Amino acid sequence: MVSAVFHSSLDTRSSEFRARTAAAVPKAAALQEAAAPVLADAPGVDWRGLALKIVPPVLGMALLVAIWGVLTRGSTTFPTPGATFAEAVKVFSDPFYRNGPNDQGIGWNILFSLERVAVGFGLAAAVGIPLGFAIGRFEVISNMASPLISLLKPVSPLAWLPIGLLVFKAANPAAIWTIFICSIWPMIINTAVGVQRVPVDYLNVARVLNLSEWKVITRILLPAVLPYMLTGVRLSIGTAWLVIVAAEMLTGGVGIGFWVWDEWNNLNVKHILIAILVIGVVGLALEWALIAIARRFSYDDV
Amino acid sequence: MNSFIEVQDVEMVFATKKGRFHALREIDLAVCKGEFVTLIGHSGCGKSTLLNLIAGLTLPTSGVLLCDNREIAAPGPERGVVFQNHSLLPWLTCFENVHLAVERVFGGRESKAQLKARTQAALELVNMGHATAKRPNEISGGMKQRVGIARALAMEPKVLLLDEPFGALDALTRAHLQDELLKIVARTESTVVMVTHDVDEAVLLSDRIVMMTNGPAATIGEILRVDLPRPRNRVELAEDNHYTHFRKAVLDFLYTRHGHVEILAA
């Protein structure tokens with residue numbers, strides 16, 4: 001979500017800038033002929049636009065690091081950017097080492113977290129999407145499920161953790177259970193809304209062509225609902241990634257959330273900062289991947 | 001007279017949130033095989049409702065509809081429908097959109113190659129053979145409507161039902177498609193029921209024009225037989241006395257005797 005907002009504001013700014021330069025060009029041309037090359041350059045590579053897209057984000061990052069550097073100068077408790085960077089190089093130079101169950105490389109930690117998210121999220125998709133279809137297609141089921149969903153959706157995912165621990169009597173399934181329960185709601189709701197919003201015209205086409213229920217599902221419902229479904233999936237994976245860190249802090253084991261907590265117990269703040277960055281990057285990558293998938297499957301309904 | 005579609009004393013009442021809405025009353029209509037009938041009337045007069053009843057998309061509150069002496073209880077492949085807004089599936093190519101219909105009707109009897117040939121032939125019939133791999137959002141409104149017609153024709157329906165098929169098109173495209181529709185209908189000898197609000201379109205295309213009174217509780221006001229010889233040429237007809245006579249008769253019905261009452265209704 002953050003990335004989308006970020007991009008759109010950049011785009012409007014650069015297009016504004018282009019509009020302003022375009023308006024300025026005729027005036028300049030009237031004054032002096034030297035303005036002509038500016039126009040001639042325009043169809044080629046838009047260096048100015050490209051620079052405007054790259055420079056501000058880099059500047060923003062630099063500013064953050066600069067503020068961090070200034071605030072931590074001479075501090076003994078909070079690491080400086082330089083020290084953190086040096087530590088990051090060390091951490092990432094050997095990401096897949098194994099010194100016993102509680103001391104493994106950052107690569108393993110990320111992979112274990114991703115595995116939990118994948119399992120919990122996959123189960124949620126396997127249950128949530130068909131359930132969403134049923135809710136969207138049959139009013140009785142919708143009336144049955146909607147009060148339950150409204151009641152359970154606002155519950156903090158971590159409140160489900162003890163239930164998971166109680167039922168599964170192990171940390172790892174409990175963490176997966178927590179991911180499952182928190183990522184299922186957006187998928188159910190979005191799929192159901194998508195099914196309810198399938199244009200009546202398409203369903204009339206299905207009736208006129210006398211399509212079988214299987215064809216109705218594969219050729220009409222599924223493609224029509226897919227964009228909604230993918231929005232649900234995207235929302236869920238964001239939440240799932242948020243929750244896994246918190247869940248792992250509580251359950252332990254190998255995982256990026258556990259790593260953060262472990263390094264806090266070791267008072268290794270540099271590693272915590274690295275972990276924060278890594279969590280952010282992985283979350284962003286997941287989001288981007290799903291946006292790319294959603295774009296691939298979206299169609300223009302014109 | 002061998003009537004192919006029969007509408008007998010049909011009433012249509014919709015249950016809406018504001019209460020019951022009496023849309024159609026006492027509709028009696030018989031359409032012969034190979035006949036081109038248009039339904040014309042002001043908006044809200046229930047002409048689309050009548051077409052949906054013939055299509056089987058809605059069922060009448062009372063009365064009977066017959067197609068080929070069988071009661072119309074649901075949509076069927078013998079009645080091909082062209083929708084007002086083309087209703088092509090945006091995620092399928094033109095070819096796939098038509099193929100969906102072909103597959104359903106002929107899938108059990110014919111080979112895959114035959115089905116493909118049928119689809120291609122239907123698209124070529126409406127001059128869309130060149131755009132089979134395109135998706136609906138890549139072609140113009142007129143082209144979409146042609147593919148919609150191809151989809152309906154590909155099922156080899158006994159009746160073609162068209163719901164204001166050219167309503168959303170510009171005048172030139174509309175004229176062009178009307179001419180093509182005339183040619184196609186002449187070639188396939190289809191029975192056609194078409195809803196329109198365009199007087200010229202009705203006179204140019206129809207054998208009979210069914211003029212409907214204003215709703216609520218609309219009914220058939222008058223049926224005008226248009227016995228102009230076919231093939232019809234719109235340019236020649238523009239100066240034809242009979243043509244202008246028919247045109248005047250429809251206009252007279254619509255505007256003098258049944259002027260729009262939307263203001264009163266509202």
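Two strands pair if DSSP finds at least two bridges between them. Helices (H or I, at least four residues) and strands (E, at least two) are themselves DSSP runs, numbered from the N terminus.

This is a predicted model, in which local features need pLDDT of at least 70, side-chain atom pairs count only at pLDDT 80 or more, and totals for chains, interfaces and linings use all residues. Residues are numbered from 1 along each chain as its sequence is written, while chains are lettered from A and ligands numbered from 1 in the order in which they are written.

**Stop 1: a sheet in chain B.** Select strand E1 (residues 3–16) of chain B together with E2(B); the two pair in the antiparallel sense over 10 bridges. Within this pair, B:Val10 stands opposite B:Ile27 in E2(B).

**Stop 2: strand E9 of chain B.** Select residues 208–212 of chain B. Of the 5 residues in this strand, 4 are buried, so E9(B) is largely enclosed by the rest of the structure. A residue is buried if 20 or more other C-beta atoms lie within 10 Å of its own, exposed if 12 or fewer, and partly exposed in between, with C-beta atoms placed from the backbone. Strand E3 (residues 36–40) of chain B pairs with E9(B) in the parallel sense over 4 bridges, and B:Leu39 stands opposite B:Val210. Strand E10 (residues 220–225) of chain B also pairs with E9(B), in the antiparallel sense over 5 bridges; here B:Arg208 stands opposite B:Arg225.

**Stop 3: the nonpolar core.** A nonpolar core is a set of buried Ala, Val, Leu, Ile, Met, Phe, Trp, Tyr and Cys residues joined through C-beta atoms within 7 Å. The largest one has 128 residues, and those with the most contacts inside it include A:Ile179 and B:Ile54. Select B:Ile54: among the residues it touches, not counting those up to four places away in sequence, are B:Ile5, B:Leu65 and B:Val193. Contact means that the C-beta atoms of two residues, placed from the backbone, lie within 7 Å.

Stop 4: Chain A has 12 helices and 0 strands, and 28% of its 302 residues count as buried. Where it meets chain B, 16 residues of chain A are in contact with 16 residues of chain B. Select helix H9 (200–208) and helix H10 (213–251) of chain A, the elements that give two or more residues to this side. The largest share, 6 residues, comes from H9(A).
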